[in-house]
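Here are my notes for you on this one. Have the model open while you read, and take the points in order.

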Amino acid sequence: MAEGSAAVPSTELSEWPKKDKRRFLHAVYRVGDLDRTIKFYTECFGMKLLRKRDIPEEKYSNAFLGFGPEESNFVVELTYNYGVTSYDIGTGFGHFAIATPDVYKMVEDIRAKGGDITREPGPVKGGTSVIAFVKDPDGYIFELIQRASTPEPLCQVMLRVGDLDRSVKFYEKALGMKLVKKVDRPEYKYSIAMMGYAEEHETTVLELTYNYGVTEYTKGNAYAQVAISTDDVYKSGEVVEHVIQELGGKVTRKPGPIPGINTKITSFLDPDGWKTVLVDNEDFLKELK
């Protein structure tokens, strides 16, 4: 693109993501056995099965699970594609996180039910936060974080990125997120940035991780995307197009209604290839009913 050929967005348009009514709706990923994963998440994590749907003509099923209703809480959307029993998670996807008042007890309960504990509970290196790591039946990692209380137990999606400053700018400009916390750990050769719409203990955040010197990761075919709400898919899509011209990325679906459902969405990739779907607020609530 020739220098100066990209139209500069108006102030009103560039400010729109910060004024828009946005929240994390769900994370979408693929599993090899839907009933097995539902059993694990409900029995080991204490999630509730919120809804389930089967689309035989498209040969897939979905299950939505979380710690509260979809109208107000972040949830997981599990996808089972008929006949596909395993997926490649890749090197770029990191983990999900669950906040709980007692990590030690939760680990005991998970272990008693046959769960795979990959890091025993205890304080983080060089800190006081108590954490543990658990692997689900498909190989997805869940970090358990000790917090006295939280309105949003499903509290993190961690993704690895190749340029942390670029990613922070992208999520601020394209999605109106705030940089909630940034931590540099040179002794362990990584930096993280927490991005979200409120403080870390109040909501779900994206945890972007940069490992020194690593600029690319494999995506695999397991993790799909996060969905975020918006009051205007078209205006939000316009903002995203401008930001992609500046920082990189790609629009994968132009704003408009999904055939058959009529929910308006737009989707795009960030500069590292991580996918986000913006979903119309009113349409999403209608879909739930």
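1. Start with the record: the unreviewed UniProt entry puts the feature "domain: VOC" at residues 23-147 and 153-281. UniProt positions are in the numbering used here, and annotations may be inferred rather than shown by experiment.

2. Some ground rules. This is a predicted model, where local features need pLDDT of at least 70, side-chain atom pairs count only at pLDDT 80 or more, and totals for chains, interfaces and linings use all residues. Residues are numbered from 1 along each chain as its sequence is written, and side-chain values use heavy atoms, leaving out hydrogens and water.

3. Now look at the two spans. Residues 23-147 are 18% helix and 46% strand, with end C-alpha atoms 21 Å apart. Residues 153-281 are 22% helix and 44% strand, and here the end C-alpha atoms lie 22 Å apart. (Helices, H or I of at least four residues, and strands, E of at least two, are DSSP runs numbered from the N terminus.)

4. How do helix 4 and helix 5 pack? Helix 4 (residues 164-175) and helix 5 (residues 233-247) make an angle of about 160°, with axes 9 Å apart. Axes are lines fitted to C-alpha atoms, for helices over the stretch in contact, and angles run from 0 to 180 degrees between N-to-C directions. The pair is therefore roughly antiparallel (over 145 degrees; under 35 is roughly parallel, 65 to 115 roughly perpendicular, the rest oblique).

5. Who touches whom there? R166, K169, F170, K173 and A174 of helix 4 meet V239, V240, V243, I244, E246 and L247 of helix 5 (contact means heavy atoms within 4.5 Å). That contact of helix 4 with helix 5 has 7 nonpolar, no polar and 4 charged residues (Ala, Val, Leu, Ile, Met, Phe, Trp, Tyr, Cys and Pro count as nonpolar; Asp, Glu, Lys and Arg as charged; the others, Gly among them, as polar).

6. Helix 5 also packs with helix 1 (residues 11-19), at about 105° and with axes 9 Å apart. These two are therefore roughly perpendicular. E12, L13, W16 and P17 of helix 1 contact K235, S236, E238, V239 and H242 of helix 5.
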